[in-house]
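Please walk through this model with me, one feature at a time.

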Amino acid sequence: MKVTVDEDKCCGAGQCVLLAPEVFDQRDDDGIVTLLDPEPGADRHAAVREAAAVCPAAAIELIE
């Protein structure tokens with residue numbers, strides 16, 4: 001799985017960071033989400049899928 005975040009869409013809600021902190025982070029200056037691990041291991045796939053599903057801005061894309 002590969003993960004991307006559309007920074008232009010991101011509203012900085014941070015729910016993804018709470019669900020998968022090993023994969024997502026937030027910038028301190030504006031709250032926009034960045035990727036720590038764009039190709040997370042299988043053990044993180046469920047959390048990343050949940051993060052994408054709850055993203056209010058639909059800014060997270062999963063490429064299987």
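A salt bridge here is a side-chain nitrogen of Lys or Arg within 4 Å of a carboxyl oxygen of Asp or Glu. R27 makes such a bridge with E7, and the closest N and O atoms are 3.0 Å apart. R27 sits in the loop between β2 (24–26) and β3, and E7 in the loop between β1 (2–5) and α1 (15–19), so the pair ties together parts that are 20 residues apart in sequence. Helices (H or I, at least four residues) and strands (E, at least two) are DSSP runs, numbered from the N terminus.

Some ground rules come next. The model is predicted: local features need pLDDT of at least 70, side-chain atom pairs count only at pLDDT 80 or more, and totals for chains, interfaces and linings use all residues. Residues are numbered from 1 along each chain as its sequence is written, and side-chain values use heavy atoms, with hydrogens and water left out.

How exposed are the two partners, R27 and E7? Buried means under 20% relative accessible area, exposed means over 50%, and partly exposed lies in between (1.4 Å probe, protein chains only). R27 is partly exposed at 29%. E7 is partly exposed too, at 39%. D30 joins them: E7, R27 and D30 are linked in a network of salt bridges.

The count of salt bridges comes to four. One of them joins the side chains of R49 and E64, at 3.1 Å from N to O. R49 lies in helix α2 and E64 in the segment after β4 (60–63), so this pair ties together parts that are 15 residues apart in sequence. R49 is partly exposed, with a relative accessibility of 38%. E64 is exposed, at 65%. Another bridge pairs R44 with D37, at 3.5 Å from N to O. R44 has a relative accessible area of 26%, which makes it partly exposed.

Contact means heavy atoms within 4.5 Å. Setting aside neighbours within four places in sequence, D37 is in contact with E22, V23 and R44. Its C-alpha atom is 11 Å from that of V5, which is 32 residues away along the chain. L36 occupies the loop between β3 (33–35) and α2 (45–54) as well. It touches P21, E22, V23, F24 and D25, not counting residues up to four places away in sequence. The C-alpha atoms of L36 and V23 are 4.9 Å apart, although the two are 13 residues apart in sequence. L36 is partly exposed, at 49%.

Now look at helix α2. Which residues of α2 are buried? They are H45, V48, A51 and A52. Seen down the axis of α2, these buried residues fall within an arc of 125°, so they line one face of the helix. The arc is that of the directions from the helix axis to the C-beta atoms. A46 and A53 are exposed on the other side of α2. The cover over the buried residues of α2 includes β1, α1, β2 and β4.

Strand β4 holds L62. Leaving aside neighbours within four places in sequence, L62 is in contact with M1, K2, V3, V48, R49 and A52. At 25% relative accessibility, L62 counts as partly exposed. L62 and P38 are 24 residues apart in sequence, and their C-alpha atoms are 9.7 Å apart. In the loop between α2 and β4 lies A58. A58 has a positive phi of about 50°, although it is not a glycine.

The cavity remains. A cavity is a set of points on a 1 Å grid over the protein atoms alone where a 1.4 Å probe fits but cannot get out; lining residues have an atom within 4 Å of a point. Grid points are joined across faces, edges and corners, and a volume is the space filled by probe spheres set on the points. The structure holds one cavity of 30 Å³ or more. About 100 Å³ of space lies in the largest cavity. Its lining has 15 residues, and C10, G14, C16, V33 and C55 lie nearest its centre. What is the class make-up of that lining? There are 12 nonpolar, three polar and no charged residues. Ala, Val, Leu, Ile, Met, Phe, Trp, Tyr, Cys and Pro count as nonpolar, Asp, Glu, Lys and Arg as charged, and the others, Gly among them, as polar.

Definitions and conventions:
1 Å grid on protein atoms, 1.4 Å probe; cavity = no way out; pocket = protein on both sides within 12 Å on 5 of 7 lines; lining within 4 Å.
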